[in-house]
Amino acid sequence: MIDIDMSKIKPYERPVYYYETDRMQIVHHSNYIRWIEEARMDWMTQIGWDYKSIEDDGYIIPVLGVTAEYKTMSHFGDDVLIHVSLSEYTGVRVGFSYEIVDKKTGELRCLCTSSHCLLDGNNKLVFIRKAYPEYDQLFKKLLADYKETHK
């Protein structure tokens, strides 16, 4: 099994850029979905299971669904931290939860989720537990940890 010290996984940090804001001078809601993709890719790289290597293995990682619950507004010049957690795992489907917070104040900006699967070159479902048994074990452990801390 892969042994990763999850306490060493850093949240994804990014500034809010001017072009991401709307006429009300707040971040347009669609940008949060982009941010969670950036954060997910960073998280996956930190655990050693990055998109590039997965795609090099002949798989793609479609998004099955996303949710966003907007709590407070982000503005140009803010910096946000995005905390990523594995919150769902079935052996086929993998889901993530995201907390986007203001870096300076810690104020919650947005809660998001996303779910994904792997498909092969013929668009057939890939069983992660078969294709990546070491990550299957890690994801089972991370899911158990997530459920324990989110009772």
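Author: Let's begin with the lining of the largest pocket in this predicted model. Three elements each supply at least two residues of that lining: helix H1 (30–46), strand S3 (79–89) and helix H4 (133–149). The pocket has a volume of about 340 Å³. Its lining is made of 20 residues, and the closest to the pocket's centre are Met6, Trp43, Val84, Ser85 and Leu86. Sorted by class, the lining has 11 nonpolar, five polar and four charged residues.

Leaving aside its neighbours within four places in sequence, Trp43 is in contact with Met6, Ile9, Val84, Leu86, Phe96, Phe139 and Leu142. Trp43 is also one of the buried residues of H1, along with Asn31, Tyr32, Trp35, Ile36, Ala39, Arg40 and Met44.

How far apart are the end C-alpha atoms of H1, and does that distance agree with or depart from the span its residues should give? They are 25 Å apart. At 1.5 Å a residue, the 17 residues of H1 should span 24 Å, so the two values agree. Just after H1 comes Gly48, which takes a positive phi of about 90 degrees.

Now look at the largest nonpolar core, where you will meet Trp43 again. This core has 35 residues, and those that touch the most other members are Trp43, Trp49, Leu86, Ile100 and Phe139. At least two residues of the core come from each of H1, helix H2 (51–56), S3, strand S4 (94–102), S5 and H4. H1 gives the largest share, six residues.

The structure holds one cavity of 30 Å³ or more, and about 50 Å³ of space lies in the largest cavity. H1, H2 and S4 are the elements that give two or more residues to its lining. To trace that lining yourself, pick out Arg40, Met44, Trp49, Tyr51, Ile54, Ile61, Val94, Phe96, His116, Cys117, Leu118 and Ile128. By class, the cavity lining has 10 nonpolar, one polar and one charged residues.

Tyr12 is placed in strand S1. Beyond its neighbours within four places in sequence, Tyr12 is in contact with Trp35, Glu38, Ala39, Asp42, Val80, Leu81 and Ile82. Two of these contacts, Trp35 and Ala39, are among the buried residues of H1. For a separation in the other sense, take Tyr12 and Cys117: they are 105 residues apart in sequence, and their C-alpha atoms are 22 Å apart in space.

Leu111 sits in strand S5 (residues 108–116). With Tyr98, which is 13 residues away along the chain, the C-alpha atoms are separated by 5.7 Å.

Finally, let's visit some loops. Gln25 is found in the loop between strand S1 (12–15) and H1. Gln25 has a positive phi of about 65 degrees although it is not a glycine. Because its relative accessibility is 58%, Gln25 counts as exposed.

Asn123 lies in the loop between S5 and helix H3 (128–131). Its phi is positive, at about 60 degrees, although Asn123 is not a glycine. With a relative accessible area of 54%, Asn123 is exposed.

The last stop is Asp57, in the loop between H2 and strand S2 (63–70). Asp57 has a relative accessible area of 45%, so it is partly exposed. Asp57 and Cys110 are 53 residues apart in sequence, and 33 Å lie between their C-alpha atoms.

Key
Residues numbered from 1 in each chain as written. Predicted model: local features only at pLDDT ≥ 70, side-chain atom pairs only at ≥ 80, totals over all residues. Heavy atoms only, no water. 1 Å grid on protein atoms, 1.4 Å probe; cavity = no way out; pocket = protein on both sides within 12 Å on 5 of 7 lines; lining within 4 Å. Points joined across faces, edges and corners; volume = space filled by probe spheres on them. Helix = DSSP H or I, 4+ residues; strand = E, 2+ residues; numbered from the N terminus. Nonpolar A, V, L, I, M, F, W, Y, C, P; charged D, E, K, R; others polar. Expected span 1.5 Å × (residues − 1). Buried < 20%, exposed > 50% of the residue type's maximum accessible area, 1.4 Å probe, protein only. Core = buried A, V, L, I, M, F, W, Y, C linked by side-chain atoms within 4.5 Å. Contact = heavy atoms within 4.5 Å.
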